[in-house]
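Subject: Structure handover, with notes on ligand contacts and salt bridges

Dear colleague,

I am passing on the structure below, followed by notes on what was found in it. Please read them with the structure open beside you.

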Amino acid sequence: MKTCLVTGGFGFIGSNFIRYILKERKDIIIINVDDITYAANPKNLADNLANYKFYKVNIVDKPALSKVFNDNKIDYVVNFAAESHVDRSIMNPAVFIKTNVEGILNLLELSLKHSVERFLQISTDEVYGSLGKSGKFSEKTSLSPRSPYSASKASADMLAMSFFHTYDMPVLISRCSNNYGPYQFPEKLIPLVIINALNNKDIPLYGDGKNIRDWIYVLDHVNGIYSILEHGNVGEVYNIGGDSEMENEAIIKYILNKLNKPLSLIKYVKDRPGHDKRYAMDFTKITQEMGFLPEYNIEKGLDLTINWYLNNENWWREILSGNYKEYYKIMYDYR
Ligand code: NAD
Ligand code: DAU
């Protein structure tokens, strides 16, 4: 048996990853370390999972994290834990530096001390900055983050690589484009649009609505992460993308049409400051080295996602009835 410490396992991608690993591999024990922030939901994972342990620990709290490493022989670390929403980083950058930078430093130091076999940092295409009309990000593109969120993620990547070069630690980095799918917190564009549309509520579209993201269904991302954990070369960065570039306006129109809702729900609102124009990933490297290709095209992925939110109304209604209401007011009233 191998033991894999997953941080942020009650969040969107982390919970999808844990479900995937526990299904695929009966020889891996998962230790989920999560502080259960606003973005987490313990209901994202079933109760009484086999080969699974949970610790409620903030990765910034080194003594508490240290206890997890002392109590268990950890073979792999996959670090999903992060503050992940760009708009929140614009309102309150400090917590992004705490979790996304100080947190990974603790994980790296403890992983080094306990001779972890592989350390995978889950990063993002946003560290590369913003593209014009043409071109794609490759692993060789210089880092040029433009929001406090992406700056904190770029810092984490650089710290992780410094441990590879300085201490010969077996570090790997994956950088992925925009995920969507089941269990995504409603602050992010796609679940926000589906839920607002179901509630016949205005859909806030930033700026001219022409910003482009390279969308990937979460199960394709999780599959790519698993390949890198198993087969990636240490000291390397791997891009993961969905090969599905789409303007925000087009995504929203697709969802509204699928739900038979009027396009008049769309409200063009004040733009996000420093709003990155376009992201697009060149993921040739992971395809050539590991045969990775996304399996879900955007229509198939969106249809599955829309159906999941239609069939899991209790999951999102519970979130909407809590602190999310206040967040929504603060974030959208001024727009
Ligand atoms: P999320 O916000 O849904 O979940 C984050 C999880 O981390 C939550 O469970 C939260 O409780 C936990 N967490 C936050 N701070 C913590 C702390 N200090 N200690 C312990 N746990 C803490 O995020 P997500 O969308 O699932 O993203 C997961 C990772 O993937 C992040 O590192 C993010 O940067 C990266 N990523 C996300 C996307 C995307 O489109 N969502 C794309 C590429 C990369
Ligand atoms: O690219 C990967 C990144 O994707 C991840 O690293 C981040 O963790 C994740 O949050 C996501 O960042 P984005 O800022 O691209 O995602 P978001 O869903 O916030 O926004 C997607 C696009 O939609 C973006 O151009 C802003 C726009 N948008 C977003 C919201 C929430 C709107 O027009 N209206 C909205 O209400």
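A polar contact is taken here as a pair of N or O atoms within 3.5 Å; within protein, one must be able to donate a hydrogen and the other to accept it, and residues adjacent in sequence count only if both atoms are side-chain atoms. This is a predicted model, in which local features need pLDDT of at least 70 and side-chain atom pairs count only at pLDDT 80 or more, whereas totals for chains, interfaces and linings use all residues. Residues are numbered from 1 along each chain as its sequence is written, chains are lettered from A and ligands numbered from 1 in the order in which they are written, and side-chain values use heavy atoms, with hydrogens and water left out.

Ligand 2

An oxygen atom of ligand 2 lies 2.9 Å from a polar backbone atom of Tyr206. The protein covers 95% of the 690 Å² of accessible area that ligand 2 has on its own (areas by the Shrake-Rupley method with a 1.4 Å probe; for residues, only the protein chains shown count as cover). From its side chain, Tyr149 places an N or O atom 2.6 Å from an oxygen atom of ligand 2, and a polar side-chain atom of Glu126 is 2.8 Å from an oxygen atom of this ligand.

The shell around ligand 2 holds 22 residues, the closest being Asp125, Tyr149, Asn178, Arg272 and His275, where a residue is counted if one of its heavy atoms lies within 4 Å of the molecule. Strand β8 (residues 203-206) gives the most to this shell, with 3 residues; strands (E, at least two residues) and helices (H or I, at least four) are DSSP runs, numbered from the N terminus. By class, the shell divides into 8 nonpolar, 8 polar and 6 charged residues (Ala, Val, Leu, Ile, Met, Phe, Trp, Tyr, Cys and Pro are nonpolar, Asp, Glu, Lys and Arg charged, and the others, Gly among them, polar).

Ligand 1

Around ligand 1 there are 28 residues, of which Asp34, Asn58, Ser84, Tyr149 and Lys153 are the closest. The side chain of Tyr149 has an N or O atom 2.6 Å from an oxygen atom of ligand 1, while a polar side-chain atom of Asn58 lies 2.8 Å from a nitrogen atom of the ligand. Of the 830 Å² of accessible area that ligand 1 has on its own, the protein covers 96%. The largest share of this shell, 3 residues, comes from β5, and the shell comprises 14 nonpolar, 11 polar and 3 charged residues.

Salt bridges

A search of the whole structure finds 24 salt bridges, each being a side-chain nitrogen of Lys or Arg within 4 Å of a carboxyl oxygen of Asp or Glu. Arg272 forms one with Asp87, with the closest N and O atoms 2.7 Å apart. This pair links distant parts of the chain, since Arg272 sits in the loop between β13 (266-269) and α9 (284-290) and Asp87 in helix α3 (residues 86-91), 185 residues apart. Arg272 is buried at 14% relative accessibility, and Asp87 is buried at 3% (buried means under 20% relative accessible area, exposed over 50%, and partly exposed in between, with a 1.4 Å probe and protein chains only).

Lys62 and Glu109 also meet in a salt bridge, at 2.5 Å from N to O. Here Lys62 is partly exposed, with a relative accessible area of 30%, and Glu109 is partly exposed at 32%.

Best regards
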